[in-house]
Amino acid sequence: MEYLYYSITVFDLRMMVKLSAYWKIQLIGWMVTSLYWGISAFFGSSFMWTIGIADFVLDVFIGISLTHLYRNFALIRGWNKFSLKKLVPRIVLSVLILSVLYMLLIVGKLYLVRLFVLKSTSISFISFLQSTQLQVFITGTRLMSIWVLAYHLYHYSRLEIETVKENARLSIILKEAQLNNLSTQLNPHFFFNSLNSIKFLVLEDPHSARRAIDLLSDLLRNSLNNNIGNLVALNDEISLVRDYLELEKIRFEERLQVEIEVDQKLSDHLVLPLSIQTLVENAIKHGIEKRKEGGAVTVKIEQAGNFIKISVQNSGKLHKEIKDFSGIGLGNLKERLLLQYKGRASFEIKEMQDETVLATILFPSE
């Protein structure tokens, strides 16, 4: 007998361990609540064990059933993602509905248990409901309010923690993108070529030499800028791209053709900093620079339905490193898009039939 009791106890403990945190809290919470009422009734004048046990089991069942139904309904409707302004009216209405249902179920339970145990039909259900409804309704309102508020506060706090984590992660990745951009601008090869081009321009075309120095200075200043935010105006990003391409045009001369087409209605729209710049640098490094005859870089920004489409097309072939996003710059850009737009943005690089590579970013315009 003792061995059997021990086996059952161990089995119960294992089942509790396997239960999720939600079900553990549900069982413990409603069992404690029902036990409190049972203890109160135990010290009353007319306590019966049969009624007490039935009340305990049914109270736990009713409490868990109602709150679990509400949880499923809220999850299906996506209420956990709503703002407080949209959520509060729904919570108030839900608590009232749950309280009414709780009152009807508890009063029905009390009436039926006493009917079957005491075999008494001296009072009708309607009369019993009228005599107990107010007290049970108030109790139900208190319990449902506590449960619903605790449930949504838990999810709200989790959402806030996840948001903070994602923002911190996005900030770190952004800093990595800045450092990567800085390392690109300070790359000895890039720096040497730029200065070498400026050296020849000093004698041949002093005006162009001064312009090249200004461009290089602006690029370095933007790379060292520590006040960059999570998003920047499209105009600012395009200005950076124009400066970079103009400086590269001095180096490549006729080997580089550049075309930039921007929908002016999108000029003030916010985009990820260094997003277009990263794609253009990638186009120069892995496309134009590897071709003796050079090639063209085309940048196009346009509205595509409810999305903004950024396209960077360059002459060249798609290398495995680029296709797999294994490079630091493209890897950072892909993850920043995922974090900033919660999976609603897309990033694709593919090789076209005419020996060109097309990189496309698509993200929501709102």
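**Rings, charges and a patch**

Guide: Happy to. Trp147 and Tyr151 both sit in helix α5 (residues 125-185), four residues apart, which is about one turn of the helix. Do keep in mind that this is a predicted model.

Visitor: Are Trp147 and Tyr151 buried or exposed?

Guide: Trp147 is buried, and Tyr151 is buried too.

Visitor: And how many aromatic pairs does the structure hold?

Guide: There are seven aromatic pairs in the structure. One of them is Tyr70 with Trp79: the ring centres are 6.0 Å apart and the planes meet at 65°, so this pair is edge-to-face.

Visitor: What about the rings of Trp147 and Tyr151, stacked or edge-to-face?

Guide: Stacked, because the planes of Trp147 and Tyr151 are at 10°, with the ring centres 5.2 Å apart.

Visitor: Which residues form the aromatic cluster?

Guide: Tyr70, Phe73, Trp79, Trp147 and Tyr151 form one cluster.

Visitor: Nice. Which charged residue lies over the face of Tyr22?

Guide: That is Arg71, at 4.1 Å from the ring centre of Tyr22. Another case is Lys86, whose charged end sits over the ring of Phe82, 4.3 Å from its centre.

Visitor: Switching to salt bridges: what is the count?

Guide: The count comes to nine salt bridges. In one of them, Asp55 pairs with Lys109, and the closest N and O atoms are 3.2 Å apart. Asp55 belongs to helix α3 and Lys109 to helix α4 (residues 84-118), so the bridge ties together parts that are 54 residues apart in sequence.

Visitor: Are Asp55 and Lys109 buried or exposed?

Guide: Asp55 is buried, and so is Lys109.

Visitor: Which residue forms a salt bridge with Arg211?

Guide: Glu246 does, with the closest N and O atoms 2.9 Å apart. Arg211 lies in helix α7 (residues 206-223) and Glu246 in helix α8, so the pair ties together parts 35 residues apart in sequence. Arg211 is partly exposed, at 32% relative accessibility, and Glu246 is partly exposed at 33%.

Visitor: You mentioned α8. Why does its span agree with what a helix should give?

Guide: Helix α8 (residues 234-252) has 19 residues, which should span 27 Å at 1.5 Å a residue; the end C-alpha atoms are 26 Å apart, so the two agree. Its buried residues include Leu234, Ile238, Val241, Tyr244 and Phe252.

Visitor: What comes just after α8?

Guide: Glu253, which takes a positive phi of about 55°.

Visitor: Last topic: which residues form the nonpolar patch on the surface?

Guide: Leu35, Ile39, Phe42, Phe43, Trp49, Ile53 and Val57, with about 790 Å² of accessible area together. The elements that give two or more residues to the patch are α2 (21-42) and α3 (49-77).

Visitor: And where is Leu35 found?

Guide: Leu35 is in helix α2. With a relative accessible area of 47%, Leu35 is partly exposed.

Key
Residues are numbered from 1 along each chain as its sequence is written. This is a predicted model: local features need pLDDT of at least 70, side-chain atom pairs count only at pLDDT 80 or more; totals for chains, interfaces and linings use all residues. Side-chain values use heavy atoms; hydrogens and water are left out. Patches are made of residues with over 30% relative accessible area and no salt bridge: like charges are joined within 9 Å, nonpolar side chains (Val, Leu, Ile, Met, Phe, Trp, Tyr) within 5 Å. Accessible areas come from the Shrake-Rupley method with a 1.4 Å probe; for residues, only the protein chains shown count as cover. A salt bridge is a side-chain nitrogen of Lys or Arg within 4 Å of a carboxyl oxygen of Asp or Glu. Buried means under 20% relative accessible area, exposed over 50%, partly exposed in between (1.4 Å probe, protein chains only). The expected span of a helix is 1.5 Å times one less than its number of residues. Rings of Phe, Tyr and Trp (its six-membered ring) pair if their centres lie within 6.5 Å; planes under 30 degrees apart count as stacked, over 60 as edge-to-face and the rest as tilted. A charge sits over a ring if NZ of Lys or CZ of Arg is within 6 Å of the ring centre and within 35 degrees of the ring normal.
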